[in-house]
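Hi everyone, thanks for coming along. I'd like to walk you through a structure that may be new to you, so let's bring it up on the screen.

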Number of protein chains: 2
Amino acid sequence: MKNKYDTLAVNTLRVLSASMITKAKSGHPGICLGSAPIVHVLFTEFLNNYSGNSKWPGRDRFVLSAGHGSALLYALLHVSGFDLNMEDLMAFRQKGSRTPGHPEYGHTAGVEVTTGPLGQGLATAVGFAMAEKNLASRYNKPDATLFDYKTYVLCGDGDLQEGLAMEACSLAGNFKLDNLVVLFDSNDIQLDGPTYKATSDNIKLKFEAMNWSYLKVEDGNDLVAISKAIAKANSLDKPTIIEIKTIIGYGASNQGTSAVHGKPLTAEQLEELKVNLDYHYPEFTVPSEVYDLYAQTFGKRSKASYDKYQDTLQYYKEKYPNEYNELTILLNNNYQAKDIDLPIYDSPISTRKVTGQVLSKLAEYYPGLVAGSADLASSCMIKGIAGDFAYDNYAGRNVCYGVREHAMASIVNGLTLSGLKGVGSGFFVFSDYLKDSIRLGAIMHIPSLFIFSHDSVCVGEDGPTHEPVEQLAGLRAMPNLNVVRPADAKEATWAVLGAMHNNTYPTVITTSRQDLPVLAETNYLGFIKGAYICFEPKTEPTHIIISCGSDLNICLQAAKELEAEGVMTRVVSMPSEFIFRMQTEEYKELVLPHKITKRLAVEMGSTQPWYRYASNVLGIDDFGQSMPIKQIYEFYGFTTSHIKELIEKM
Amino acid sequence: MKNKYDTLAVNTLRVLSASMITKAKSGHPGICLGSAPIVHVLFTEFLNNYSGNSKWPGRDRFVLSAGHGSALLYALLHVSGFDLNMEDLMAFRQKGSRTPGHPEYGHTAGVEVTTGPLGQGLATAVGFAMAEKNLASRYNKPDATLFDYKTYVLCGDGDLQEGLAMEACSLAGNFKLDNLVVLFDSNDIQLDGPTYKATSDNIKLKFEAMNWSYLKVEDGNDLVAISKAIAKANSLDKPTIIEIKTIIGYGASNQGTSAVHGKPLTAEQLEELKVNLDYHYPEFTVPSEVYDLYAQTFGKRSKASYDKYQDTLQYYKEKYPNEYNELTILLNNNYQAKDIDLPIYDSPISTRKVTGQVLSKLAEYYPGLVAGSADLASSCMIKGIAGDFAYDNYAGRNVCYGVREHAMASIVNGLTLSGLKGVGSGFFVFSDYLKDSIRLGAIMHIPSLFIFSHDSVCVGEDGPTHEPVEQLAGLRAMPNLNVVRPADAKEATWAVLGAMHNNTYPTVITTSRQDLPVLAETNYLGFIKGAYICFEPKTEPTHIIISCGSDLNICLQAAKELEAEGVMTRVVSMPSEFIFRMQTEEYKELVLPHKITKRLAVEMGSTQPWYRYASNVLGIDDFGQSMPIKQIYEFYGFTTSHIKELIEKM
């Protein structure tokens, strides 16, 4: 033990977090009591993360992948001097507090990523570690090291059971991310009982098989052993997992049982805990020795590290002004590029090709852009530049994720949280594999970008398993997510550009497999409002067709023919309902006037999202079938004549 | 080599599948050419699956997890005598054919599971192997072995990168499923290039760490070595993976490259293939020696195996009539249990508790029921009977999946496909992790059951990561899935019962964390129609409120108060939109008459699904927040007074 107050500090974290949980009548004491020594050693001896500026790019990252241990994290951030006072801790899990049930990025200083759904924190942390390697490789200079940070993760048994985590760890090993250290709180207990019921993996072998180093600490209360192991991990040339054997709920009368996992201690159990820990301080106080210890260790070291970074940055700014400017723009996602030489399209082309070409071009102007695909780059056409990200090319801005959709999406979040612009891609139907990661991006209000091709049953021959139907409905229902389904090369170009210039929500762009004509009617000023009138008949319309994506074209044709036949039909292109819903009521009324009730929505997907706007919907509420694309339009009735018929029948 | 026509047969499979793909101008020749020897050895030497009855319960299962190799599977089924003729093969990937783009269960004889999304086949196969262990343990007798089948899986690199597969394999190892053999087509090439870009896992170590046996075949064209390895695998007491080194696209001029993975051979390349393979038969013919070989090996052995099973079954029927009857009912999901002593509820109770209690009771009557949870049994209250499924208790009908939602759902499908009634459970928000598996169940038309608790922001303190919002919209949009959100203990009971008695679609039941009153107004005859009038005012209604789940109660209160105030408001309970949409137009009009346009839908979730039925929706289109439940109703406006206000404003 390096300081005589270490044990006091550990027990302070334990009692404080257990008290928060008991007061809230809600929370997970088990991990807090068991893991307190681990995070204590990490913060007092290793982590550099200045509390005066919890956003500086050079800081070490700490990720609580086992997000249900939030009380421990908040207690730790409090004693470490972050912006969380005792009142905040006492308001744990209460309405509007800064100490919500699970850690929320952007809500609480020092929280690097929103966690709770297991596996997510660990997978996102792999993104952090990749970002460090990429930025270090591109911006560090022999005489100026700006990026040299570590990512530390605290995870539990549940995290390591998640396939998501296994995908991410396999990538971390392949990329030799020696800047990643996972602290595995190994306590052999889960919510439903002992872990052996569900798991008998040999973690050492499993991680070594994935090209990790493995270390073990036999006693989770042995601060010196934990410290030695972390120091050792930091010296190894691979990602390292340290399995630390702990006792869940250590110190509580029901320690070592699943009962202490997620149930608050009673007032009586809390008193017993204090007795067992020989801890005698009033509730919701921290001994001054503990504050002092953290100030002298974590505080001092972090501040020094922060100051050094600032000095280096100043030197860098003067010596490498171009790189400095680029990096500043990159980290703030604050681009002014106006004269981008984007491709102009006039012949029919699939929107997957367009998004790919536009993205490649933009990558030259947007240094933060790091794209990748879950082994579908050649189909989705999405590829980053500067080569594949690899151990011998960390500067690469294209990531080969393999067939690991879920980890891809979490890593895209991790890249984006690190200041890069993460882009993931795949077939739209496989967005089902990674939805939860998009959701976390939406909860965190970060601008992750996903470009999914093959966005309808027009996939054709591959059949129902590869044909999205309900995915548009599901993602459009997600709060704070911009789902864009562009109708042609122009809208596809604008969709990618638009995704570059927001900082508050993720974007999903869905693209067509098949070629689509470039439409005279699509227009930018309308597009950026989410929906717009793209065809207006010569006299006042009596009908409206609303559509988007690959289906807009036939609607335009139908409306033109209807006009010739005397049925005045407006066509509204609605590439993004999310953006349209942000518009003024006046604009919405202009595009979709209440008085025009004869409305038909047309989309090759679930009808569900469209009843908000139209009483009649031509959609597909069944799974697709395997057949060549040329038969599909006819089979599902997505033809000009059928649309005309539906309008005329109203 | 055991037969001089083996090589001819392998090359027949190769040329036939490549020809199918070239003719269809779509498909994946790479795996077909590379893996033909593997499946040839499996079928001619090991697999027992009588083509005259491809559904007999004692058959070995073959799962093509790499579903993109469908052409190879169809060619194989054809030469093995299954109901696929040459015309079927020539109609590969064409509209309405029996040879769709990816293998579809229920569509093509001999296809055990719909595959295509990688990882799914392997994970479902773990369910097959678990089902065999369970059935064998419960129904085999010392003098009558009914269940003794193997499950063989052909998978590729992509399958093993999927976290889903890793979750399932970890479980398979924990359960020591020695009846599972995975044939790993290891060719070092993926769609986007060499596998090393994304993977450097040591597969041997990784699987051994998960308690598997690992075998290797160095040359994928060495039929004897493949045969020896499979024989060895069948003798080991663990699940076994056999890594078989193959050359993707073997025999094609572009073999060994990613170009041959998913692009049909040109007519010229197809000719080159034949030359390279020294194969000289007309297109779409099979040499009679090959038919003969399969008839003499696969056909003869399988028929003998089938006949033996039938003899045993006859003996079993006579000697063990009770077990025989139970098993017959089980395998046909054909229960007549009428006098089930179900709990009666009158005090407020959460629907999670009710579904748990009802399910436990039903398990006594429905021998096929095998339930389980992704480490949330104690929160979701769903637990099977007869103890935990384990190596020393394969008869256990509760499965501890650990925190592996995705594998759980695929295994539930596997159990259900095997004749059991698989039930999975967890928090509703984590349905995001497993959606694709539910989707495959829906595509396959199988009655998998998922019971998800904590179905709204009423989760409370756990906050946005644990609070579903858009999940109801997403799943309701899925074709052929019954989403049921019961309003009280009665509807919850009926929901579980209903899920027992269908064989054509999966069911998702979502339940409340909080207690709900037992409502006088809920009724069975209405419930089974998906939606029904559950409160009718004393005079003709001018307004309708549509609701379900935990939100129905306050709507009823509001309607009663409105009635007293002279606003006649009908309340419709809509536990299942899926079932309601199946009703006659007359019934729908009865419940929701067109003339009553003043309608309000009320649900604590996305508003999206409700605009089909109501122009006004009280829902939640934002993420939840961490706070105690008692503040939630007020915060989101789910109060009687607010609902009345919304009705009165119309």
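Let's begin where the two chains meet: 85 residues of chain B are in contact with 85 residues of chain A. Please keep in mind as we go that this is a predicted model.

Which helices of chain B each supply at least two residues of the side that touches chain A? They are H6 (157-161), H7 (163-174), H8 (203-209), H14 (377-380), H15 (405-417), H16 (435-444) and H17 (471-476). The largest share comes from H7(B), with 7 residues. As for the kinds of residue on this side of chain B, there are 30 nonpolar, 31 polar and 24 charged.

Now let's stay with chain B and turn to a sheet. Here 6 strands form an open sheet with parallel pairing, and reading across you meet S10, S9, S11, S12, S14 and S13, in that order. Strand S10 (398-400) and strand S13 (482-484) of chain B are at the edges with a single partner strand each, so each of them has one side without a neighbour in the sheet. On average, neighbouring strands here are turned by 20° against each other, ignoring direction.

S13(B) runs parallel to strand S14 (residues 507-510) of chain B, and 3 bridges join the two. If you'd like a pair to look for on the screen, Val483(B) has Val508(B) in S14(B) as its bridge partner. There is a helix packed on this sheet too: H13 (residues 351-365) of chain B touches strands S9 (369-373), S11 (421-427), S12 (449-453) and S14 of chain B. The direction of H13(B) makes about 145° with that of S9(B).

Over to chain A, and another sheet. This one is an open sheet of 5 strands, paired in parallel, in the order S1-S2-S3-S7-S6. Which strands stand at the edges? In chain A these are strand S1 (61-64) and strand S6 (213-217); each has a single partner strand, so one side of each is left without a neighbour in the sheet.

Helix H5 (residues 120-139) of chain A lies across S1, S2 (151-156) and S3 (180-186) of chain A, and it runs at about 165° to S2(A). Helix H9 (residues 223-235) of chain A packs on the sheet by touching S3, S6 and S7 of chain A, and its direction makes about 170° with that of S6(A).

Next, a pair of helices in chain A. The axes of H2 (residues 29-46) and H11 (residues 288-319) of chain A come within 6 Å and cross at roughly 60°, and H2(A) and H11(A) are therefore oblique to each other. On the H2(A) side we have Phe43(A), Thr44(A) and Glu45(A), which meet Leu293(A), Tyr294(A), Thr297(A) and Phe298(A) in H11(A). That contact divides into 4 nonpolar residues, 2 polar and 1 charged.

One last stop: Thr328(A), in helix H12 (residues 321-332) of chain A. Is Thr328(A) buried or exposed? Thr328(A) has 12 C-beta neighbours inside 10 Å, so it counts as exposed, since the cut-off for exposed is 12 or fewer. From Thr328(A) to Lys317(A) is 11 residues in sequence and 9.9 Å in space, C-alpha to C-alpha.

Terms used. Residues numbered from 1 in each chain as written. Chains lettered and ligands numbered in written order. Predicted model: local features only at pLDDT ≥ 70, side-chain atom pairs only at ≥ 80, totals over all residues. Contact = placed C-beta atoms within 7 Å. Helix = DSSP H or I, 4+ residues; strand = E, 2+ residues; numbered from the N terminus. Nonpolar A, V, L, I, M, F, W, Y, C, P; charged D, E, K, R; others polar. Axes fitted to C-alpha atoms, helices over the stretch in contact; angles between N-to-C directions. Parallel < 35°, antiparallel > 145°, perpendicular 65-115°, else oblique. Buried ≥ 20, exposed ≤ 12 C-beta atoms within 10 Å, placed from the backbone. Pairing = 2+ DSSP bridges.
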